[in-house]
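Hi there,

Here is the structure I promised to pass on to you. Have a look at it, and then read on for my notes.

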Amino acid sequence: MSQEKVDAYKEQKRNREKIMKRQKREKLLVNIGLAVFGVIIFGWAGVSAYYSIKGSKGAEEQAGATYTVDYAAVDDYMSGLSE
């Protein structure tokens, strides 16, 4: 058993440079993949926000809008309180 461990250690020591290169390459690929994923997510969010703002009414159109409210029920209630 001990000789097997020694042989495995020697094999690992011989291939250490290859193992380290492979680990660095895998780490680089993972980082590139995460960066691409992040760019895609942020790009999608930006495009979605742009189209949702563009599709809705702009602030200029909303500023000119007028609304009417019927206060008759409120006036009747307030006059009933003062009586």
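Of the chain's 83 residues, 0% count as buried; buried means under 20% relative accessible area, exposed means over 50%, and partly exposed lies in between, with a 1.4 Å probe and protein chains only. Before you go further, please note that this is a predicted model, where local features need pLDDT of at least 70 and side-chain atom pairs count only at pLDDT 80 or more, while totals for chains, interfaces and linings use all residues. Residues are numbered from 1 along each chain as its sequence is written, and side-chain values use heavy atoms, leaving out hydrogens and water.

The overall fold comes next. The chain has four helices and zero strands, in the order α-α-α-α along the sequence. Helices (H or I, at least four residues) and strands (E, at least two) are DSSP runs, numbered from the N terminus.

Now for the contacts. There are two salt bridges, each a side-chain nitrogen of Lys or Arg within 4 Å of a carboxyl oxygen of Asp or Glu. One joins Arg14 to Glu11, with the closest N and O atoms 3.5 Å apart. Arg14 and Glu11 sit about one helical turn from each other because they are three residues apart in helix α1 (residues 2–14). Arg14 is exposed at 61% relative accessibility, whereas Glu11 is partly exposed at 38%.

The other salt bridge links Glu17 and Lys21, whose closest N and O atoms are 3.8 Å apart. Both residues belong to helix α2 (residues 16–55), four residues apart, or about one turn of the helix, and both are exposed.

The whole structure holds one aromatic pair. Its partners are Tyr50 and Tyr51, edge-to-face at 5.3 Å centre to centre with 70 degrees between the planes. For such pairs, ring centres of Phe, Tyr and Trp (its six-membered ring) lie within 6.5 Å; planes under 30 degrees apart are stacked, over 60 edge-to-face, and the rest tilted. Tyr50 is partly exposed at 48% relative accessibility, and Tyr51 is exposed at 53%.

Finally, have a look at Leu81 in helix α4 (residues 72–82), which is exposed at 54% relative accessible area.
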